[in-house]
Amino acid sequence: MRPDRMVEALLFASDAPLSAAEIARIDESLDEQRVEALLAGLRLEYEREGRAFGIFEIAGGYQLLTRPEYAPVLERFDTVPPPARLSAPALETLAIIAYRQPVGRAEVEEIRGVGAGGVLKTLQERGLVEVVARGEGLGRPLLYGTTGLFLEHFGFRSIEDLPRPEDLPVVLTRSVERDG
Amino acid sequence: MDEALPLDPLAVRLERFQGPLDLLLHLIREQDIDVFDIPIARITRQFLDAIAGVERLELERAGEFVEMAATLIRIKARMLFPRPDDDDEEADPRAELVRRLLEYEHFREAADRLAVSERERARHHAKGYVEPRPAPAAHEVPLESTWPEVWEAVLALAERLREPEPGYTVRGRPVRMEEKLTYVLSVLADAPRVEFASLVAPWGTRMHAVISLLACLELTKRGTLRLRQSAPFQPLWVFRRGEEKEADAA
């Protein structure tokens, strides 16, 4: 049996990203490096043949996903649920946790200037953040961090895929003097 | 003195804002104010105007806006009357507010980027998109109760368990299909036909009616009897096989 077809079968059957190490477990002839090479071969093949799907790197693994240009086609099919979007408070809270993790509720609330209990609970229930540690100090507060599902939700390979803080423009600095 | 600006662009619906920082940023943006040189008197006045309807909000959210109003007023006061013990000439009472605004703006920008990534990811569909992956099992929630509270709860439970409520439950005898079959046959042994209602009458419960009907259907299937009804909701008659012709003739 061709090893690249075994890898293909595994990717096809999985509905979540699989790491190279996980994929290598299907056959004793495979190791991580070999899997990476096979994946590269499959990628080329799909591209050459113009397949509607490709292999995407997400959350430290590989996943077969449809190409973005086919999204409108799929969305016309009424069993495909509309993508779930997070609310603005949820996104702000997630951004703070992603950049500051591990971070406690108090710091999140201090930065946003509003209570964060409800949003944190929702994010935790959706598996996007989790308690990763307990802080020092009064009451040993719970500290939150992002999860693998967070990476999956945003299509990040790893937390390194977040835009670097220095690349975020702070719009307020380029404002017009009008009060001077 | 600040010039009064036309207030139209500043007429805000408080509910629209996520919190006081959001509102402040809105006021600053709408008027192209340099965040490093905020006209604090004007912004404070506008902020107070904007939160005039604050009592419409729920208490916690209202508190957040009021707290910011207090901060603004404190800054304004310190700018008008610098404290004599402020040795540092450079210390700008607005500095902390500016830092918070910039920090918040920074994360808002990050949140916008996340929204873009989310939209891009949503354009890729995985196999099995129809049935989304189940969320991971709920995380263990660290215990927040103290031991005395736990003990109190345990003792309360023990108290409740000690005296079981005296009570009796009466269960009806189960209705057996075999018994009903025998009964229906025994009735039909004495009479060529019988009204279904009279088969149930001695007991009168729903369960007896259901089992009796099932028994009659079963016997019909075996060819032992026939069921007839002249029209819906009319009395249902149970005939011994071969007798209904005589009834028709009658």
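The model is predicted: local features need pLDDT of at least 70, side-chain atom pairs count only at pLDDT 80 or more, and totals for chains, interfaces and linings use all residues. Residues are numbered from 1 along each chain as its sequence is written, while chains are lettered from A and ligands numbered from 1 in the order in which they are written.

**Confidence in chain A.** pLDDT is the predictor's confidence in each residue, from 0 to 100. Chain A averages 88, and 90% of its residues score at least 70. Residues 172–180 of chain A stay under 50, with 15 contacts beyond four places in sequence. Where pLDDT is low, the predicted coordinates should not be read in detail.

**The interface.** Contact means that C-beta atoms, placed from the backbone, lie within 7 Å. By that rule, 46 residues of chain B touch 51 residues of chain A. α4(B) gives the most to the chain B side, with 19 residues. Helices (H or I, at least four residues) and strands (E, at least two) are DSSP runs, numbered from the N terminus.

Two strands pair if DSSP finds at least two bridges between them.

| Strand pair | Sense | Bridges |
|---|---|---|
| β1(B) (193–195) and β3(B) (236–240) | antiparallel | three bridges |
| β2(B) (225–229) and β3(B) | antiparallel | five bridges |

B:Val194 has B:Val238 in β3(B) as its bridge partner. B:Arg228 stands opposite B:Trp237 in β3(B). β2(B) and β3(B) make a hairpin with six residues between them. In its turn, B:Phe233 has a positive phi of about 70 degrees.

Methods
Two residues are in contact if their C-beta atoms, placed from the backbone, lie within 7 Å.
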